[in-house]
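Hi everyone, thanks for coming.

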Amino acid sequence: MMKIIYLISIVGALCACNTASKKKQNEKEKTMKCVTFDGNSVSTLFTALPDSMIDLAAWEKHYQMYPERWEQTFDYLAHTNLDSLSLGRIDLSEDVYITISEYETKEPGDALYEAHRKYIDIQYLISGSEYIGILRDTTLLEEIQPYDEEKDIAFYTSNGGTLRKATSGNFFIFFPQDVHRPCVKEKEQVTVRKLVVKMKVD
């Protein structure tokens with residue numbers, strides 16, 4: 001009988017310690033920053049890595065102005081089962097929303113460059129892969145569709161720039177100065193599922 005009481009007390013003590021440890025860990029995670037800048041590098045709690053083409057100076061500058069937007073965004077990305085999200089729009093706040101879409105990748109000549117003024121794009125492929133063109137000099141491109149203020153987009157020709165491979169292992173951030181060309185097929189046209197965070201510039 002004494003042995004049983006002793007075992008019960010040990011199990012109770014272990015459970016209490018485990019609960020306290022989990023509580024402490026949860027409290028620690030709540031106080032951790034989701035985005036941390038360290039000189040010429042940045043780390044986030046999101047498992048995907050930032051692509052090397054991201055303008056870190058622009059990112060850090062905007063983060064310093066609006067840290068709550070970035071923290072909320074990367075907290076969501078780090079702690080949400082992205083595979084389970086339905087197609088459509090998710091509003092995180094008045095300044096940040098997310099769209100989930102599915103589409104077929106395009107032939108290189110059919111994928112146009114685009115640019116935005118009001119919103120920053122964070123693009124991440126939940127599944128599939130594609131190439132994304134990046135260019136920071138619109139004078140090298142011919143404007144095909146002038147800037148539409150309501151849709152916050154302008155389109156340019158598909159020539160030039162640097163192609164970067166997008167997978168579920170990396171993500172991209174495009175600021176207003178980053179003209180980008182998503183949806184370019186890798187080898188064959190495939191269906192991809194993409195998450196795009198739209199964050200207000202101002």
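Of the 202 residues in the protein chain, 40% are buried, meaning under 20% relative accessible area with a 1.4 Å probe, counting protein chains only (over 50% is exposed, in between is partly exposed). A word on ground rules: this is a predicted model, where local features need pLDDT of at least 70 and side-chain atom pairs count only at pLDDT 80 or more, while totals for chains, interfaces and linings use all residues. Residues are numbered from 1 along each chain as its sequence is written, and side-chain values use heavy atoms, with hydrogens and water left out.

How confident is the predictor? The mean pLDDT (its confidence in each residue, from 0 to 100) is 89 for the protein chain, and 84% of the residues reach 70 or more. Where pLDDT is low, the predicted coordinates should not be read in detail.

Now the fold. Six strands form an open sheet with mixed pairing, in the order E3-E12-E7-E14-E5-E4; two strands pair if DSSP finds at least two bridges between them. Which strands stand at the edges? They are E3 (49-50) and E4 (88-91), each with a single partner strand, so one side of each has no neighbour in the sheet. E4 runs antiparallel to E5, joined by four bridges, and Gly88 sits opposite Ile100 in E5. Helix H3 packs on this sheet, touching E4, E5, E7, E12 and E14.

Let's look inside. The largest nonpolar core has 31 residues, and those with the most contacts inside it include Trp59, Trp70 and Leu82. Such a core is a set of buried Ala, Val, Leu, Ile, Met, Phe, Trp, Tyr and Cys residues joined through side-chain atoms within 4.5 Å. Among the elements supplying at least two residues each are helices H2 (56-65) and H3 (67-79). A second, separate core of nine residues includes Tyr103 and Val192.

What does Leu82 touch, leaving aside neighbours within four places in sequence? Its contacts are Phe46, Tyr76, Leu77, Tyr124, Ile126 and Leu195.

Terms used
Contact means heavy atoms within 4.5 Å. Axes are lines fitted to C-alpha atoms, for helices over the stretch in contact, and angles run from 0 to 180 degrees between N-to-C directions. pLDDT is the predictor's confidence in each residue, from 0 to 100.
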